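Here's a quick briefing for anyone opening this structure for the first time. Take a look at it, then read on.

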Amino acid sequence: MAASNSVRVGIVGSRFQADCIAGAVKAIPDVAELVAVASPTKGNAAAFAQRHGVPHAYTDYRELLKNPDVEMVSITAPNRRHAQITIDAAKAGKHVVCEKPLCITLEEADAMIDACRKAGVLLLYAEELFFAPKYVKAKQLADEGAFGRVHLVKQSEKHSGPHADWFWDVAQSGGGAVMDLGCHGIAFCWWFLGKPKVQSVYSQMATQVHRDRTEGEDEAVTIIEFASGAVGMVESSWNRPGGMDDCIEVFGDKGQTYADMLMGNALPTYSEVGFGYAVEKAASTKGWTYPVFEEQWNYGFPQEMRHFARCVRGWETPISDGETGRTVQEVLYAAYASAGQGRKIALPFRPKGVAKPIDLWKRGQE
Ligand SMILES: NC(=O)c1ccc[n+]([C@@H]2O[C@H](COP(=O)([O-])OP(=O)(O)OC[C@H]3O[C@@H](n4cnc5c(N)ncnc54)[C@H](O)[C@@H]3O)[C@@H](O)[C@H]2O)c1
């Protein structure tokens, strides 16, 4: 049962990430409740509302924004839509939780931050890795000094490729695996190391497997040099069958730690007949598999939404906001430019007139 001071959430979008956010909000009824959903495909918002017990469903998100019940909007629409929906939500006086990546261009990031600041609403950047319990524990150990001076942080996220067509269309997504998955690792390394200044970025990108489906990169290694001297290394791949994989490694002069978020928390399982669900993007449940439990909790989604709801009430200060998203966006730009030019790119890096980050890679290859 929702508490009377719980933050009233409206979700824009009704598919993959919308279901995830709905699950997260329903897990924290003491601080948040779902009151509305908007999604353009006929019937989808209504079906979502029924699935999650949401009282109001709209096909146009601008109608949701008119609903005075909604205090905080969670944007789970494709990347290309993030900026406009954020700006409209801010103008309607709603706090915004925006899914990753924040947007497509740095100009959009500036406009989103500006609109929210002017409207006096929060712009919260949904990077759940800041809340994933295993990764939070690793950071606590690092901050306590367990590893001495941390000089290398690695994050990798790999799966067999996105579930929806728009991810593969770079006009809508802005880029491939680095836009989609690399944004997590960039944010993670930066956060883990205490949000230091980014000095330079080097990235190696390729379309190894999915040339028939996308112009985007499906595999990349990105190296981030921080002003502190520490290095972040991010592996992003759409070429790994067998289900989602998300791991970190942390190295200091006094020790190291490793965390495997999914397989490391799963049950090594063998089944000849298969079963319903093992892990996100696993094509089969027959033979040896790694079924996860408490999947959303292990990712940190309910913890993230709890933090954001408490920020809206003024009980906590955001650890992931519009500026976080913009920092990630600048590193994304630098990563694509680096892959295009075959060299390190120094930050600050704010090239003008970039329609989408991946153009910086393609332009360099011409
Ligand atoms: N944090 C994470 O780990 C995570 C995981 C998956 C997706 N995401 C992000 O969430 C966003 C959505 O991804 P998804 O996987 O849910 O995609 P999806 O294709 O499954 O769902 C997108 C939803 O947005 C709706 N939509 C499309 N255009 C719209 C518009 N103009 N206005 C309102 N709604 C619109 C679609 O109808 C659909 O309901 C993306 O930005 C993605 O990067 C984040």
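Which of the 27 residues around the ligand come nearest? They are Ser14, Gln17, Asn79, Lys100 and His163, where being around the ligand means having a heavy atom within 4 Å of it. This is a predicted model, with local features needing pLDDT of at least 70, side-chain atom pairs counting only at pLDDT 80 or more, and totals for chains, interfaces and linings using all residues. Residues are numbered from 1 along each chain as its sequence is written, and side-chain values use heavy atoms, with hydrogens and water left out.

**Around the ligand**
- Asn79 has a polar side-chain atom 2.7 Å from a ligand oxygen.
- For Glu128, a side-chain N or O atom is 2.9 Å from an oxygen of the ligand.
- With Ser39, the distance from a side-chain N or O atom to a ligand oxygen is 3.1 Å.
- Helix 1 (16-26), helix 4 (82-91) and helix 7 (165-168) each bring at least two residues to the shell; helices are DSSP runs of H or I with at least four residues, strands are E runs of at least two, and both are numbered from the N terminus.

- Seven strands make an open sheet in the order 12-11-7-10-9-8-15, with mixed pairing; two strands pair if DSSP finds at least two bridges between them.
- Strand 12 (255-260) and strand 15 (345-346) are at the edges with a single partner strand each, so one side of each has no neighbour in the sheet.
- Strand 7 (residues 150-158) and strand 11 (residues 245-252) pair antiparallel over eight bridges.
- Glu157 sits opposite Asp246 in strand 11.

Terms used:
Polar contact = N/O pair within 3.5 Å; in protein donor to acceptor, adjacent residues only side chain to side chain.
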